[in-house]
Number of protein chains: 4
Amino acid sequence: MIKVGIAGASGYTGVELVKLISNHPETKLCAITSNSYKGSSLADIFPSMRGFGRGLGRRFENLICEDLDIQSLSGKIDLMFLALPHKISMQHVPALLDHKIKVIDLSADYRFTNAAAYESAYQEHTSKHLLKESVYGLSEIYRDQIKESNLVGNPGCYPTSILLPLLPLLKEGLILPHGLISDSKSGVSGAGRSLSLSTHFCEANESFTAYKIGNHRHTPEINEILSIHSQQKVSITFVPHLLPLTRGMLSTIYAQATDNATEDKIRKTFHAYYGNEPFLRILDKNMYPAISHVRGTNCCDIGFHFDEKTKKIIIISAIDNLLKGAAGQAVQNMNILFGLDEQTGLNSFQGPL
Amino acid sequence: MIKVGIAGASGYTGVELVKLISNHPETKLCAITSNSYKGSSLADIFPSMRGFGRGLGRRFENLICEDLDIQSLSGKIDLMFLALPHKISMQHVPALLDHKIKVIDLSADYRFTNAAAYESAYQEHTSKHLLKESVYGLSEIYRDQIKESNLVGNPGCYPTSILLPLLPLLKEGLILPHGLISDSKSGVSGAGRSLSLSTHFCEANESFTAYKIGNHRHTPEINEILSIHSQQKVSITFVPHLLPLTRGMLSTIYAQATDNATEDKIRKTFHAYYGNEPFLRILDKNMYPAISHVRGTNCCDIGFHFDEKTKKIIIISAIDNLLKGAAGQAVQNMNILFGLDEQTGLNSFQGPL
Amino acid sequence: MIKVGIAGASGYTGVELVKLISNHPETKLCAITSNSYKGSSLADIFPSMRGFGRGLGRRFENLICEDLDIQSLSGKIDLMFLALPHKISMQHVPALLDHKIKVIDLSADYRFTNAAAYESAYQEHTSKHLLKESVYGLSEIYRDQIKESNLVGNPGCYPTSILLPLLPLLKEGLILPHGLISDSKSGVSGAGRSLSLSTHFCEANESFTAYKIGNHRHTPEINEILSIHSQQKVSITFVPHLLPLTRGMLSTIYAQATDNATEDKIRKTFHAYYGNEPFLRILDKNMYPAISHVRGTNCCDIGFHFDEKTKKIIIISAIDNLLKGAAGQAVQNMNILFGLDEQTGLNSFQGPL
Amino acid sequence: MIKVGIAGASGYTGVELVKLISNHPETKLCAITSNSYKGSSLADIFPSMRGFGRGLGRRFENLICEDLDIQSLSGKIDLMFLALPHKISMQHVPALLDHKIKVIDLSADYRFTNAAAYESAYQEHTSKHLLKESVYGLSEIYRDQIKESNLVGNPGCYPTSILLPLLPLLKEGLILPHGLISDSKSGVSGAGRSLSLSTHFCEANESFTAYKIGNHRHTPEINEILSIHSQQKVSITFVPHLLPLTRGMLSTIYAQATDNATEDKIRKTFHAYYGNEPFLRILDKNMYPAISHVRGTNCCDIGFHFDEKTKKIIIISAIDNLLKGAAGQAVQNMNILFGLDEQTGLNSFQGPL
């Protein structure tokens, strides 16, 4: 049994981790922390949880949010998930590693290898030396490195939905690395549980808008990974939008295929990379992903349209932003880190509604 | 032209008043106030308003939220709408009246004639003497008194949806005054524009719940009016619920009819009271109100089901909580106060979607 | 392993059964039927299912909808779930039983013991003799009879949400059997997957309405069970409403308590009946159920408000209409029928979003 | 007074036209037709309309859907709006014109000047000769031609949202005509009132998907107009998506600016073209349109982001698909045709909610 702690358990990503871990057959949830709800049980914070948690050996009523006190966790847990805001994460990671606790960090703090790129989008990095050790937790792409690592920088939701479809085509030289565009749409849960006018029901309901055009912090994250894999500086045009729904994310990606690309080669490439991946589903011609098809699953669905004449390709990808875009991929990474079947705890089917 | 001021213009009810007044042919909007957005224009606060307001003689870009300074309003306006929280309203009303400014107060502060009833639900009343002067602004019922008044206590949204169907039946002795139940459901805009966890998109969306059972402040307001009209102490059972939609309110009301009641008498009574009312629509047998049918209108739709054997009656009423439940009825009351046709500014048809 | 068949697998209830059975550790899904999608795989009908189903030993791509041919099922399955319309179910049940296949019927056909009551609400019953054998599948109440039965009439969603809170109070004489009212609200999935104007997105979205007042077919079903348990003819006032959300149901129930009732006795009665039930959660004072708290679970949450002076009680119950209101309770009944722990396959926690 | 008829009044676009015409001070609604609801009144079809229509001189209860019988309309109406499916429209247009009835056709039948382009996307055109006479009803661009015309092909909703922002930049040579991409998102009302699985509440709610990639019929319509104005063959990449909301449309458009373009020039161009247009609102830097800001109005909001280094421009436009995208623009065109102020009947402000 993997002994697990979850920091930031009272946020939407944190509680999604609690849900997955509580349904996971090979883990034991030993500690949860919350800054806003210290001393409260999870069942107090989320009434939906009352009575559940028996799989944990105790009910959620008895699972109390504590302070994040690394000293007291030492020796008690093998792995800490950090569902904390960036900057807060890196205040804790070095000490966790010192205490031999592996870390899967869901903030942006350890997603970059290039400290300058991080610092230009966020703020000063206080443990730059760890950026060499940390692995970018895009499971299907960095599986081998994740296995050997003690520190995983779990990808952002938007980057996951964009990189998974683009990397195979880039690596196989089927699309050009410049001129890439991702028009991405996220459900409101991506904005978290903190209150704001833009996530107030009456403001988000029956509306739709783009935001942070040209300066969303996921852009440098996407660019770094694209650049590494295409061995040249890539600069994607990325426009995020807010959908009036709770869970789910869909990216519509526009690229120019290279001269030698054909629909068949593109399809074969996707199948070669992902055909055996349990969480990636390549859709048949003329089929396109929908958010309802991936909600509640750790799947990334990919469909595409290729125009043979113009060599333009339109790729659609859909994920559940809280699962493959956050907590689900984090658990997948835990499974990799600890040598479990990657699907453990993630393969229950979650009907169409 | 009636010269009008609106206090609290940056809230959902306040801006709905601005919209109605800006489309009203017999008014001039002379001043708006906002505590949170002092110095901002309405077009800054609500981008939907940019470019509009020409009917006012100036665009909303040029309509700036001011402090509520009665001295400076003196002589400049004939009427002030107060879309303020209770307790704040009564800090201003006496001075407004002193300056010969008529007041339509959308808070609860002047809805009661009985100060003790007000004080048990809210807090100490600082201008009790005005409760004798103020008129309860349920337009169809108190029209004659409103005409003569300088101070209207505009009804709460729930009371409007409950009193309009009940009063005719009570007054005609067709239902018993005890055992009344109203199971009422409101859209989220009823909770206003202030942020709270229960109106956070992800918490309200795809959910539904009852709240404040047994202690909602609209209960004593409903009971006072029911008691006056049935000449005995009435105590309704009132349960409010929160619907996952923006605008609209529906009350399902259960009553015991008296022995002499028949379906025909009930229907005739509704038609006698409301058949000529432009904003009340009595539905045919087996037709029931829907929120989508009243959204965007000042209408109250009423349908009912009567069981001849048991003499039980179920009445359904629907209103737009921001219109007949707040700003629309306030403008209707202004029309009454100033001797205009009651429909002025309120009769444009607002399609099915 | 229990060998299971599911008839009507392409409807919302049917596919929810498929989901539960595919995640259930003690069953094998051997056959599914669909009238509208004969020859199609479940993954064709519901793209969300693509790639899943490995727990079944085969993917949903390979699970093909067949005709309901009892001959061919004979000997191959132990249990058939019928997620079919009423009248269609009873065309198949006698033959299924003849072939020693147990039946859990989710239609209304075997919910009544009184054929006349059934016939007045539906149509002629073509296998009346089975009504004596069939057991009403309200799991917590009829557990002992379900254990011994071969034919379970799985309760309607509304009746489940109303009977679970009322029966303990009625049986203990804490409420009067007359004057009961249930104001119930259901999500749109309760209306199924067949197209209709009232479930067209633009018509249901941002709306709310009551329907079938005085003639909903669940009324006689509720009355029959209430009458049996209170040993007198009970006639509830039941008003169903349509909520603009996909899953979930909430009933607000009004009753008159008897003179000897106290809040404490009521609470103790609920705890005596349900304190050990895994799927029933009795809420603390001033806490009320919300649809978001039960969505995705087989739970029924119950909260109440008691007015000591008037002895009026307001009870709120919430369920997921597709789970405790249909497929979840059906699987719970299967667990009872086959001597499994009742929570098997039903106890995974389904986060707050 | 303009005497008006509306064909197809029972659809969402048709009834939106009825609403606008009934609130329009210079028109008289003389006839409505509906294929599905012949003999029904509008108040029967849309209960929200009961009691309204007094502005028409009669209530909607008395406005009955008739057959489209041109003989009987001859001499009685000056203008016919056709809110009919393509192919049906052109069955009636020649006869209407023969009877001296002007036509604003909301189908695609008269949007093209090039019959071959029409026929490749739709079907054989049965009155090709009229394509030379008909004017494309993009009001701000074709105002002068509309004035002189008897037949207006009212633009599609997607084309309106895409062409309005692109045409000024193309005509001024500020963007390249090739490589244009529009990622567009529409509310469900765009799919009309006919039932389909994709617009069933439970399927559309909480979902989002792309559809008809590479073969949406609005693509040739957009391309024809873009080509005319850039004097070369333009081929846009257009991807429509379905939003889980009722009304509204937002297009995110990607273009490559020419070398001489600057942010300032682009902004000035928009202001030069649209600064005095009552229905076009150019947003300040870092402000972007939202569907909630245009819902219920005839406005098109345009915001953009320009990257000086890469010369890439991202333009966001938002409209209400039923107003500027259909019925609103049709009424604007009527105002132009009959020499009225373009804002007549279209300038009432429609609050933020």
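User: How do you know how chain A and chain D are related?

Analyst: In this predicted model, chain A is superposed on chain D by a rotation of 180 degrees with 0.0 Å of shift along its axis, and the RMSD is 0.0 Å.

User: What makes you say which surface chain A and chain D use to meet?

Analyst: Of the interface residues of chain A, 100% are also interface residues in chain D, and therefore the copies meet through the same surface.

User: How do you know what kind of axis relates chain B and chain C?

Analyst: Chain B can be laid on chain C by a turn of 180 degrees and a shift of 0.0 Å along the axis, with an RMSD of 0.0 Å. The two copies are thus related as by a two-fold rotation axis. The same surface serves both copies, since 100% of the contact residues of chain B recur in chain C.

User: Why is Asn286(B) called exposed?

Analyst: A residue counts as exposed if 12 or fewer other C-beta atoms lie within 10 Å of its own, and because Asn286(B) has 11 of them within 10 Å, it is exposed. Asn286(B) lies in the loop between strand E12 (280-282) and helix H11 (291-294) of chain B, and its phi is near 70 degrees, a positive value in a residue other than glycine.

User: Why is Lys311(C) called partly exposed?

Analyst: Buried requires 20 or more such atoms and exposed 12 or fewer, with partly exposed in between, so Lys311(C), with 18 other C-beta atoms within 10 Å, is partly exposed. Lys311(C) lies in the loop between strand E13 (300-307) and strand E14 (312-319) of chain C, and although it is not a glycine, it has a positive phi of about 60 degrees.

How values were computed. Residues are numbered from 1 along each chain as its sequence is written. Chains are lettered from A and ligands numbered from 1 in the order in which they are written. This is a predicted model: local features need pLDDT of at least 70, side-chain atom pairs count only at pLDDT 80 or more; totals for chains, interfaces and linings use all residues. Helices (H or I, at least four residues) and strands (E, at least two) are DSSP runs, numbered from the N terminus. Copies are superposed by least squares on the C-alpha atoms of residues with pLDDT of at least 70 in both. Two residues are in contact if their C-beta atoms, placed from the backbone, lie within 7 Å.
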